[in-house]
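Please look over the sequence and the model below before reading on. The notes that follow are grouped by topic.

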Amino acid sequence: MQSKNKKIRNASITAVGMYVPEKILDNKYFESIVETNDEWITSRTGIRERRIMENGATSDMSAKACEDLFKTTNVKPEEIDIIIVATVTPDMLFPATACLVQEKIGAKNAWGFDLSAACSGFLFALQTGASLIESGSYKKVLVVGSDKMSAITDYTDRNTCILFGDAASAVLLEPSEDLNFGIKDSLLHIDGAGKNALYMRAGGSALPASHETVDQKLHYIYQDGKAVFKVAVKGMADISFEIMQKNGLKSEEVSYLVPHQANLRIIDATAQRMGIPKEKVMINIDRYGNTTAATIPLCLTEYYRTGKVKKGDNLILSAFGAGYTWGALYLTWAID
Ligand code: COA
């Protein structure tokens with residue numbers, strides 16, 4: 001990130017939008033398809049239900065989230081300079097989902113790309129978009145977090161199928177000359193040592209799709225839940241605390257922690273480390289489960305629309321995901 005004294009503008013979130021599919025799978029439903037129960041799922045994860053996209057792909061959910069956003073701003077799709085779609089469930093390996101979204105929303109003057117960082121995808125995309133705005137070259141960047149996790153979930157594997165859901169959410173980034181608002185700092189990391197703890201093994205160049213890969217169920221999410229839990233708890237708590245310290249923020253100066261929604265126990269541990277009480281933690285994992293790149297913007301949109309986030313609020317966004325990837329981002333909310 002640019003050093004503070006050189007910065008002449010911040011990137012601010014100036015509009016938000018979301019889309020969640022109508023179909024709901026509650027915990028009871030999972031009792032009917034795998035050996036599990038509502039009590040186990042709720043107490044171990046915090047999830048009560050999740051949404052599933054029956055017809056349509058990641059680009060359709062993304063376009064709906066963008067259309068929802070455009071209803072709330074005077075900015076028109078043709079004014080968008082860049083579309084960044086954070087996803088691990090692109091419609092196809094290529095072209096990029098961003099191209100499909102561009103066509104669907106009529107952003108005819110935009111360029112764009114997909115960004116793959118799993119559950120940290122939205123944070124990485126937000127920082128990338130912010131840097132492009134800060135450069136002075138671009139004025140309107142759409143950052144979308146969107147995943148159709150049901151497309152890569154094995155509904156016979158109780159370890160993973162209860163965790164994930166489908167959703168999309170989008171934010172608009174625009175320049176802010178007032179440096180009191182907008183994205184102020186971020187700490188982002190990757191570590192490929194985690195590559196085999198959470199991944200989809202086949203379908204890429206290492207192991208192209210074949211009858212064998214399908215028979216062996218290698219096109220689904222594999223997760224070593226225990227291993228990921230251990231590093232995620234520490235990774236998310238440490239990075240969130242570190243960004244507070246780096247920016248001299250006391251816990252009472254943080255209006256909200258906006259955590260990736262993978263497991264309520266990971267979220268609680270992060271809040272505890274930061275000294276943040278429960279009521280200042282954005283949570284919707286109970287209703288949507290883990291929607292990968294969509295969790296954080298979905299929280300932002302819901303909390304903003306219900307009047308819980310106000311202009312001037314300091315937010316710490318944080319995430320941990322496959323890769324490993326992780327990070328935290330500090331911003332001051334700029335929308336009235
Ligand atoms: N219902 C009932 N039992 C289940 C179950 C389910 N849906 N899923 C797993 N179990 C069982 C396991 O088989 C295991 O049984 P065993 O001891 O006989 O082998 C037992 O429950 C405990 O499993 P464990 O993995 O220790 O549970 P956990 O408390 O770690 O919770 C996760 C499992 C997946 C919820 C948890 O590990 C987790 O959240 N991991 C990280 C997820 C994450 O953050 N991902 C990164 C970002 S996407």
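Predicted model: local features only at pLDDT ≥ 70, side-chain atom pairs only at ≥ 80, totals over all residues.

Ala202 counts as buried, because its relative accessibility is 2% and buried means under 20%. The notes start with single residues, then turn to a sheet and to the ligand.

**Ala202**
- Ala202 sits in the loop that links strand S9 (198-200) to helix H7 (211-215).
- Leaving aside residues up to four places away in sequence, Ala202 touches Leu207, Thr213, Leu218 and His219.
- One of these contacts, His219, is 17 residues from Ala202 in sequence, and the C-alpha atoms of the two are 5.4 Å apart in space.

**Val20**
- Val20 is found in the loop between strand S1 (10-19) and strand S2 (23-26).
- Its relative accessible area is 17%, so Val20 is buried.
- Residues up to four places away in sequence are not counted here: Val20 touches Arg51, Ala167, Tyr288 and Leu298.
- From Val20 to Tyr199 there are 179 residues in sequence and 24 Å in space, C-alpha to C-alpha.

**The four-stranded sheet**
- Four strands form an open sheet in the order S8-S13-S12-S11, and the pairing is mixed.
- Strand S8 (182-190) and strand S11 (256-259) are the edge strands, each pairing on one side only.
- From one strand to the next, the twist averages 15°.
- Strands of a sheet pair through backbone hydrogen bonds, in either the parallel or the antiparallel sense.
- S8 and strand S13 (residues 325-332) run antiparallel and are joined by eight bridges.
- Opposite Ile183 stands Leu331 in S13.
- S11 pairs with S12 in the parallel sense, over four bridges.
- Val258 has Leu317 in S12 as its bridge partner.

**Side chains of S11**
- In a regular strand, side chains alternate between the two faces of the sheet.
- Which residues of S11 point one way, and which the other way? Tyr256 and Val258 point one way, while Leu257 and Pro259 point the other way.
- All four of these residues, Tyr256, Leu257, Val258 and Pro259, are buried.

**Helices on the sheet**
- Helix H5 (residues 121-134) lies across S8, strand S12 (314-321) and S13.
- The direction of H5 is at about 130° to S8.
- Helix H9 (residues 264-274) also packs on the sheet, where it touches S11 and S12.
- H9 makes an angle of about 145° with the direction of S11.

**Asn314**
- Asn314 is part of strand S12.
- Is Asn314 buried or exposed? It counts as buried, because its relative accessibility is 15% and the limit for buried is under 20%.
- A polar contact of 2.8 Å joins the side chain of Asn314 to the side chain of Thr332.
- With residues up to four places away in sequence left out, the residues that Asn314 touches include Lys184, Tyr256, Leu331 and Thr332.

**The ligand**
- There are 21 residues around the ligand, and Thr36, Arg44, Cys119, Lys226 and Asn263 come nearest.
- A nitrogen atom of the ligand lies 3.0 Å from a backbone N or O atom of Arg158.
- Gln223 has a polar side-chain atom 3.0 Å from a nitrogen atom of the ligand.
- A polar backbone atom of Gly225 is 3.1 Å from an oxygen atom of the ligand.
- The ligand taken alone exposes 960 Å², and the protein buries 77% of that.

Definitions and conventions. Residues numbered from 1 in each chain as written. Heavy atoms only, no water. Pairing = 2+ DSSP bridges. Helix = DSSP H or I, 4+ residues; strand = E, 2+ residues; numbered from the N terminus. Axes fitted to C-alpha atoms, helices over the stretch in contact; angles between N-to-C directions. Contact = heavy atoms within 4.5 Å. Buried < 20%, exposed > 50% of the residue type's maximum accessible area, 1.4 Å probe, protein only. Near = heavy atom within 4 Å. Polar contact = N/O pair within 3.5 Å; in protein donor to acceptor, adjacent residues only side chain to side chain. Areas by Shrake-Rupley, 256 points an atom, 1.4 Å probe, with all protein chains shown as cover.
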